[in-house]
Amino acid sequence: MSDGEKILKVAAMGDLHVREDNGSSYRELFGEISKEADVLVLAGDLTDLGKPKEAEILAQDLKACSIPVVGVLGNHDYECGAHEEVARILREAGMKVLDGQSVEIDGVGFVGVKGFAGGFGRRMLGFFGEPAMKQFVNETMNETLRLENAMRQVRAKRSVVVLHYAPVPDTIESEPLEIYPFLGSSRLAETIDRFKVNAIVHGHAHRGRFEGRTPGGQPVYNVAKHIEKPNGKPYAILEI
C-alpha cells in the first residue's frame, strides 16, 4: 500500500439464504457490520429459492446497512428463473450487484461474477464429449471470460474479486469429495492469477475452510456464513 492510502475494512459474507418463512432478520447484523467495516461484500446465495419476495425481505434488512454493499448472486438465486428480478430489487435497495462488472469504492476496485462449477487442477472437466458436457464446460469458460474482461477495466491499485463458486480446492476442504466438481473451478483462479489482487472471496461451500491460496499465491477466503472465521462472526473482516 502506498503512503497516504487508507486501509479499507471489508466485511464479507455469503450464503444468507433468506427465506419467506424465516423469522430471522439480518438487520441487527447489518447494523453491527456498518460499525465494524467500510464496505459489505455479499458472496451469493442471498436468497434460498431465488424468489423476488425473498429478495424484498433482504432489501428491507439492507436498510440497516449504512455502508456501501457490493455482491454477486449465487446458484440459489437462479432457482426460480427470476434472478434478473432479484438483482433489480437488490439494486433498487442500493446494493451494487456485480455480474461481470467492476466498481471502485474508496480506491479499491471490486470485481464480481457468480462463477460456475467444473472441478480443479488435473481433474477439471475438459471441453470434450457429449454436447451437454461441452455446454456445461462452456458455462464456466464464459464466466471466466466475463471475469477477465471486468478485471481489465479496474484502474485502482487495490482490488477484491467477488465470486460465489470457489476458485481453488483449499477452501472447500471438508466437503464430500463427490461434490467437489460442483463447488467451483480452477479456471477462475487461472484467470485471476493473470492479475494482482488483494483478496478473493467466495461462498457456496458451507463445510469448507476459511483461507486458501491460488496457484499464484493470492489469498482466497471462503466467507459463507457457516464457515468459522478468525473473528468468530458470520462475516469476515478483511483489511485491504
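Contact, in this note, means heavy atoms within 4.5 Å. This is a predicted model, in which local features need pLDDT of at least 70 and side-chain atom pairs count only at pLDDT 80 or more, while totals for chains, interfaces and linings use all residues. Residues are numbered from 1 along each chain as its sequence is written, and side-chain values use heavy atoms, with hydrogens and water left out.

1. Start with Thr47. Leaving aside neighbours within four places in sequence, Thr47 is in contact with His17, Val18, Glu54, Ala55, His76, Asp77 and Val86. Thr47 sits in the loop between β2 (39-43) and α2; helices (H or I, at least four residues) and strands (E, at least two) are DSSP runs, numbered from the N terminus.

2. What does the side chain of Thr47 make a polar contact with? The partner is the side chain of Asp77, at 2.6 Å. A polar contact here is a pair of N or O atoms within 3.5 Å; within protein, one must be able to donate a hydrogen and the other to accept it, and residues adjacent in sequence count only if both atoms are side-chain atoms. A polar atom of the Thr47 side chain also lies 3.1 Å from the backbone nitrogen of Gly50.

3. Now the helix pair. Helix α2 (residues 52-61) packs against helix α3 (residues 83-92) at an angle of about 15 degrees, with the axes 9 Å apart. Axes are lines fitted to C-alpha atoms, for helices over the stretch in contact, and angles run from 0 to 180 degrees between N-to-C directions. The two helices are therefore roughly parallel to each other, the label for angles under 35 degrees.

4. Who touches whom? On the α2 side the contact is made by Pro52, Ala55, Glu56, Leu58 and Ala59, and on the α3 side by Glu85, Val86, Ile89 and Leu90.

5. Asp15, in the loop between β1 (9-13) and α1 (27-36), has a positive phi near 60 degrees without being a glycine. Asp15 is also buried, with a relative accessible area of 0%. Asp106, in the loop between β5 (101-105) and β6 (108-112), is not a glycine either, yet has a positive phi of about 50 degrees.

6. Finally, Pro131 belongs to helix α4 (residues 131-152). At 65% relative accessibility, Pro131 counts as exposed.

Technical notes
Angles under 35 degrees count as roughly parallel, over 145 as roughly antiparallel, 65 to 115 as roughly perpendicular and the rest as oblique. Buried means under 20% relative accessible area, exposed over 50%, partly exposed in between (1.4 Å probe, protein chains only).
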